[in-house]
Amino acid sequence: MNKPLPTTTFSACPHDCPSTCALDVELLSDGKIGRLRGSSLNSYTAGVICAKVARYSERLYHPDRLLKPMRRIGLKGEVRFEEISWDAALDLVAENFLQVEREHGAQSIWPYHYAGTMGMVQRDSIHRFRHSKGYSLQFDSFCTNMAWTGYVAGTGKLAGPDPREMAVSDQIVIWGTNPVATQVNVMTHAIAARKKRGAKIIVVDVYRTQTMKQADIGLVLRPGTDAALACAIMHVLFRDNLADRDYLEKYTDCPAELEAHLQTRTPEWAAKITGLDVSQIEEVAKLIGVVKKTYFRLGYGFTRSRNGAVGMHAAASIGAVTGCWQYEGGGVFHNNGAIYDLDKSRIEASDLKDPTIRALDQSLVGRILTGDKDALFGGPEVKAMLVQNTNPMSVAPEQELVRQGFAREDLFTVVHEQFMTETAQMADVVLPATQFLEHDDVYKGGGHQHLMLGPKIVDPPEGPKENIFVVNELAKRLGATDHPGFHMTSHEHIDWMLQHSGYGTLEELESGRWIDLQPDFDTSHFIKGFGHADGKFHFKPDWGRSNAPNKPLGSPMGPWNAMPELPDQWDAIEAADSEHPFRLVTAPARSFLNSTFNETDSGKKKEKQPEIWLRSEDAARFGIGDGDQVKMGNARGVVTLHARFYEDLTPGTVISEGIWPNEAFTDGKGINTLTGADPVAPYGGAAFHDTAVWLKRG
Ligand SMILES: Nc1nc2c(c(=O)[nH]1)N[C@H]1C(S)=C(S)[C@@H](COP(=O)(O)OP(=O)(O)OC[C@H]3O[C@@H](n4cnc5c(=O)[nH]c(N)nc54)[C@H](O)[C@@H]3O)O[C@H]1N2
Ligand SMILES: Nc1nc2c(c(=O)[nH]1)N[C@H]1C(S)=C(S)[C@@H](COP(=O)(O)OP(=O)(O)OC[C@H]3O[C@@H](n4cnc5c(=O)[nH]c(N)nc54)[C@H](O)[C@@H]3O)O[C@H]1N2
Ligand code: SF4
Ligand SMILES: [Mo]
């Protein structure tokens with residue numbers, strides 16, 4: 001007898017990736033899932049997804065999945081646990097939270113979460129729990145702050161030309177992102193433009209990435225010098241009469257001032273700062289000036305520096321000088337966050353949010369847990385945490401402090417996880433979580449324009465429960481379920497949010513799978529004006545009062561007063577010095593997604609081992625050979641890993657791809673031992689790619 005053919009159903013990728021792919025999921029006759037594919041019906045996904053999600057069954061049926069609630073029986077970090085029932089686990093958590101609240105106040109409890117799933121019901125319900133109890137708030141700073149702030153400083157709105165228009169561009173500039181690894185669909189559309197129209201692809205990065213290998217022109221510059229490149233490009237545009245002066249007059253705030261300011265920002269000036277050749281800068285500037293339909297796809301990578309917001313703003317400014325925004329296939333795109341306008345008040349219980357409660361900075365978790373008064377805003381110590389959707393013991397900067405903090409015997413930590421992550425290992429109570437194919441949720445694409453449904457497709461094994469179950473059950477035990485959001489199923493939440501946002505019903509989304517929310521051409525291209533009150537693109541942002549989307553603390557931070565008024569190279573980076581001659585960039589690995597997928601064998605096999613890539617001549621200066629074990633350090637700590645010669649980066653730059661578990665390093669200390677948590681101006685953020693280090697053999 002022939003085996004029945006697999007049937008196919010649909011979902012959406014839950015991971016923190018701008019592509020948010022529309023998925024076709026194979027259901028096998030034994031009820032298990034088979035391969036995942038990109039939906040060819042979705043105009044952005046266009047049938048393509050990354051390899052790590054295509055083989056999701058490896059993660060779903062992984063033998064190391066957490067299946068039972070557990071409580072700690074050893075010392076913190078000894079990783080000795082015993083299984084307990086869900087009821088006993090939830091009771092234990094509630095008891096401890098109530099006790100902490102009685103003794104130290106509600107703000108000494110800090111629900112801590114991030115982007116393990118991007119589903120809005122499962123990810124954001126923790127806020128409903130937080131607000132209904134008056135626990136400490138969280139200021140999100142791992143990822144988007146500098147990028148969004150810099151982009152919005154120019155455009156006034158976090159949105160831009162339809163990324164599908166890349167397919168009709170004559171030239172695509174991929175700047176500070178490595179889409180082959182981090183958001184594969186950008187390549188689909190860019191390559192389509194090359195095939196159909198001979199579009200050129202230009203890539204700007206700090207090493208020759210997989211993406212740059214596919215480019216027509218690659219610019220490898222020094223980390224944190226993108227604003228210098230952008231200024232020199234704009235200098236050439238003005239100098240050679242390639243600026244669109246009518247556009248500048250109509251659409252920008254101070255074109256004459258910008259032109260005067262850029263007089264001295266010559267290619268020669270920028271070459272010294274960036275490490276590029278003058279001829280490379282001239283060539284790219286000319287192409288950008290002459291090819292009107294140029295689409296800039298600006299990523300996050302180049303903004304993870306202490307001058308990151310300034311770099312993003314400078315790069316975005318180029319488009320306002322050429323006027324490429326006016327054309328189909330032209331403009332500057334970073335993220336579409338502002339097009340969705342969703343009513344999440346039922347999910348988050350935002351009506352209960354008390355803005356006077358402190359918002360603790362997620363990147364400062366190490367300082368916070370070790371009692372840093374400033375990081376605690378002078379308030380009570382953190383005594384209990386519920387951690388969901390994040391793995392701070394791997395991903396947060398200043399790991400030495402993070403470890404010390406989570407090792408505190410007087411800190412009661414609950415970790416709700418799919419795997420025994422390094423954070424779960426430090427918990428008092430570990431709760432097993434469902435994976436995305438086992439629960440309902442709804443997703444929005446940051447790098448595109450679709451709101452997408454990801455319904456429950458298979459039953460979880462006995463044990464794992466979804467995030468809203470944990471949040472609702474704890475709220476019940478803590479006597480805090482007044483808000484109607486606690487009495488709704490995930491279906492009801494999705495339906496309510498859709499209806500109250502004006503996007504129909506859940507039933508409609510179920511039949512359509514997704515909604516395309518791309519605004520019309522004029523809106524996306526800012527033809528009727530940019531997002532600021534004066535309708536102009538701002539070359540001269542008011543950094544201290546910008547309408548950045550991510551500024552819950554209200555006031556600017558970091559050395560924001562020193563930010564340049566106009567696009568310029570800003571000296572705020574952690575520069576190399578005689579003690580720290582190298583600049584470290586911790587770029588993403590293709591087979592991992594932050595710390596996710598580093599539990600699967602195929603991911604580990606592909607990425608091999610933690611490495612530091614450097615030029616052979618740099619290595620030789622320090623007596624380091626290819627493959628040698630090396631120590632790399634700075635005042636924050638020391639890590640041990642293996643050197644690999646890599647010639648396609650600037651002298652003095654070193655690259656370490658991937659957030660490996662700390663335990664994958666020889667001395668058990670991972671890459672974030674070296675990265676800093678100091679808030680970047682003007683609205684916070686962690687400068688993951690901006691670290692000065694020393695290197696030696698050993
Ligand atoms: N495979 C994989 N995919 C991922 C992730 C992952 O870890 N792995 N992470 C996901 C997440 S959370 C996010 S936010 C996105 C981020 O995706 P991206 O927008 O691509 O940002 P990054 O991954 O930080 O870095 C991208 C590139 O920026 C480069 N870069 C670093 N510093 C500089 C600089 O100063 N100038 C320039 N020009 N380039 C620089 C790095 O070398 C890297 O190649 O990707 C998501 N997708
Ligand atoms: N050195 C360095 N550090 C970085 C970066 C870098 O480029 N370099 N990038 C930074 C960036 S951009 C980001 S966004 C952060 C990301 O940091 P995190 O958001 O912490 O991302 P992950 O490491 O993938 O961890 C997410 C965890 O959530 C769990 N999870 C997934 N789905 C669910 C669910 O439905 N329920 C529950 N309870 N858990 C779930 C996963 O198993 C995983 O362990 O890392 C930052 N750290
Ligand atoms: S490319 Fe990104 S969104 Fe698409 S399947 Fe892979 S991780 Fe998910
Ligand atoms: Mo991120």
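**Exercise 1. Identify which residues come closest to ligand 1 and how much of the ligand the protein buries.**

Solution. In this predicted model, ligand 1 is surrounded by 33 residues, and the closest are Thr177, Asp205, Gly224, Asp226 and Phe592.

Step 1: take the polar contacts, with N or O pairs counted within 3.5 Å. The side chain of threonine 177 has an N or O atom 2.8 Å from an oxygen atom of ligand 1. Glycine 224 uses a backbone N or O atom, which lies 2.8 Å from an oxygen atom of ligand 1. For phenylalanine 592, a polar backbone atom is 2.6 Å from a nitrogen atom of ligand 1.

Step 2: turn to the area. Ligand 1 taken alone exposes 910 Å², and the protein buries 97% of this.

Step 3: describe the shell. It has 17 nonpolar, ten polar and six charged residues. The elements α6 (179–182) and β9 (200–205) each supply at least two residues of the shell around ligand 1.

**Exercise 2. Work out the strand order and the edges of the six-stranded open sheet.**

Solution. Step 1: the order is β5-β4-β16-β15-β14-β6, with mixed pairing.

Step 1: find the edges. β5 (81–83) and β6 (109–113) each have a single partner strand, so one side of each is left without a neighbour in the sheet. The twist from one strand to the next averages 15 degrees.

Step 2: examine one pair. Strand β4 (residues 70–72) runs antiparallel to β5 and is joined to it by three bridges. Arginine 72 stands opposite phenylalanine 81 in β5.

**Exercise 3. Do likewise for the three-stranded open sheet.**

Solution. Step 1: the order is β17-β18-β19, and the pairing is antiparallel.

Step 1: β17 (441–444) and β19 (514–516) are the edge strands, each pairing on one side only. The twist averages 10 degrees from one strand to the next.

Step 2: three bridges join β18 (residues 450–454) to β19. The bridge partner of methionine 452 is tryptophan 514 in β19.

**Exercise 4. Locate a cis peptide bond and a positive phi in a residue other than glycine.**

Solution. Step 1: recall the background. Most peptide bonds are trans, and most residues other than glycine have a negative phi.

Step 1: alanine 681 and proline 682 are joined by a cis peptide bond, with omega about -5 degrees. Proline 682 lies in the loop between β24 (653–655) and β25 (691–697).

Step 2: alanine 349 has a positive phi, near 50 degrees. This alanine 349 lies in the loop between α15 (345–348) and β13 (359–361).

Methods:
Residues numbered from 1 in each chain as written. Chains lettered and ligands numbered in written order. Predicted model: local features only at pLDDT ≥ 70, side-chain atom pairs only at ≥ 80, totals over all residues. Heavy atoms only, no water. Near = heavy atom within 4 Å. Polar contact = N/O pair within 3.5 Å; in protein donor to acceptor, adjacent residues only side chain to side chain. Areas by Shrake-Rupley, 256 points an atom, 1.4 Å probe, with all protein chains shown as cover. Helix = DSSP H or I, 4+ residues; strand = E, 2+ residues; numbered from the N terminus. Nonpolar A, V, L, I, M, F, W, Y, C, P; charged D, E, K, R; others polar. Pairing = 2+ DSSP bridges. Axes fitted to C-alpha atoms, helices over the stretch in contact; angles between N-to-C directions.
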